[in-house]
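This report looks at a helix, its surroundings and the aromatic contacts of the chain. Please keep the coordinates open while reading.

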Amino acid sequence: MMEPIILADNRFLDGTPTATDTAAGYNVLFIRDYKTFTSWKGATAGTKYLTVDCGSAKSADCIAFAGHNFGTGAAQISVESSDNGTDWVERITPFTVNDDKAALRTFASASDRYWRTKIASPTIAPQVAVLLVGLRITFPYPPDAPFSPGKEGMEVSAARSRTGQLLGVDVRFKPYSIRAQWSDLSRTWVESYFLPFWENHASNLTPFFWAWDLGVYPNNVRYVRVAENYEMDPKVSVLGAYDSIELDMEGVKE
């Protein structure tokens with residue numbers, strides 16, 4: 001069954017991340033600023049670790065990244081954790097991605113003080129702009145039908161001749177929007193997961209990862225934020241459920 005996932009939580013915010021090495025002009029701190037136009041890059045090809053000491057045991061069950069070259073470099077990605085910073089446990093088997101678009105993978109929840117992402121990039125120096133390892137929010141069931149995975153548009157500069165002939169076109173970017181709505185979500189779930197996500201993250205227009213059906217469409221992952229004109233307006237009537245919750249998201253096609 002389709003169970004949409006949001007990842008906004010991030011262990012790399014619980015301490016100061018470090019890297020095996022870093023190319024000049026880049027900074028490992030960029031992996032946690034949620035911006036796709038700044039990034040960390042390794043100094044060379046090879047196996048790199050991006051590590052954080054959370055100070056105390058913290059949980060994670062998901063990894064997501066955007067603005068990377070892992071597909072181009074045929075990199076293998078995995079997540080490890082440790083309670084002492086020396087003895088590491090692999091939490092997700094090394095995996096590859098098909099391209100350089102946003103990606104998200106889940107794994108069994110674990111809690112440790114130290115977390116790290118292992119990037120084995122054999123041919124080129126690995127690079128990533130946004131990297132999250134944290135606890136996902138899983139919706140208990142799919143959005144109400146009909147649901148559109150993404151409405152895409154174009155921001156272009158197009159010209160015609162004086163006789164109407166088509167001339168050059170400059171496609172600046174391709175924005176997309178996603179609108180999901182759920183009926184009868186339990187109050188316990190909404191108030192435990194969705195409203196804290198809104199109050200502590202989404203309401204600041206901070207981006208997050210959205211995967212609407214990992215089982216059938218594992219590569220359809222979006223790096224989004226709530227739409228600028230979005231208004232949190234949950235409907236409540238009686239019993240133990242919210243009548244409706246809407247989530248309007250926007251992003252740019254990679």
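## Helix H1

In this predicted model, helix H1 runs over residues 187–200, and its 14 residues reach 18 Å from the first C-alpha to the last, which is close to the 20 Å expected at 1.5 Å a residue. The helix bends by about 30° at Phe194, and a proline, Pro196, follows within four residues of that position.

The buried residues of H1 are Trp189, Val190, Phe194, Leu195, Phe197 and Trp198. An α-helix has 3.6 residues a turn, so residues three or four places apart point the same way. The cover over the buried residues of H1 comes from several strands, including E1 (5–7), E9 (137–138), E13 (175–186), E14 (208–211), E15 (221–226) and E17 (241–252).

## Aromatic pairs around Phe139

A search of the whole structure gives 16 aromatic pairs. In one of them, Phe139 and Trp189, the ring centres are 5.0 Å apart and the planes stand at 45°, so this pair counts as tilted. Because Phe139 lies in the loop between E9 and strand E10 (151–152) while Trp189 belongs to helix H1, the pair ties together parts that are 50 residues apart in sequence. Phe139 is buried, with a relative accessible area of 1%, and Trp189 is buried as well, with a relative accessible area of 11%.

Phe139 also pairs with Trp210: the ring centres lie 6.3 Å apart and the planes are at 75°, so the arrangement is edge-to-face. This second pair again links distant parts of the chain, with Phe139 in the loop between E9 and E10 and Trp210 in strand E14, 71 residues apart. Trp210 has a relative accessibility of 0% and therefore counts as buried.

## The aromatic cluster

Which residues form one aromatic cluster? The members are Phe139, Phe147, Trp182, Trp189, Tyr193, Phe194, Phe197, Phe208, Trp210, Trp212 and Tyr217. Among them is Phe194, the residue at which H1 bends by about 30°, and the cluster also holds Phe139 and Trp189, whose rings form the tilted pair described above.

## Charges over rings

Two arginines are placed over aromatic rings. Arg116 lies over the face of Trp88, at 4.0 Å from the ring centre, whereas the charged end of Arg222 sits over the ring of Tyr176, 4.1 Å from its centre.

Notes
Residues numbered from 1 in each chain as written. Predicted model: local features only at pLDDT ≥ 70, side-chain atom pairs only at ≥ 80, totals over all residues. Heavy atoms only, no water. Helix = DSSP H or I, 4+ residues; strand = E, 2+ residues; numbered from the N terminus. Expected span 1.5 Å × (residues − 1). Bend = angle between axes of the 7 residues up to and from the residue. Buried < 20%, exposed > 50% of the residue type's maximum accessible area, 1.4 Å probe, protein only. Contact = heavy atoms within 4.5 Å. Phe/Tyr/Trp six-rings, centres within 6.5 Å; stacked < 30°, edge-to-face > 60°. Lys NZ or Arg CZ within 6 Å of the ring centre and 35° of its normal.
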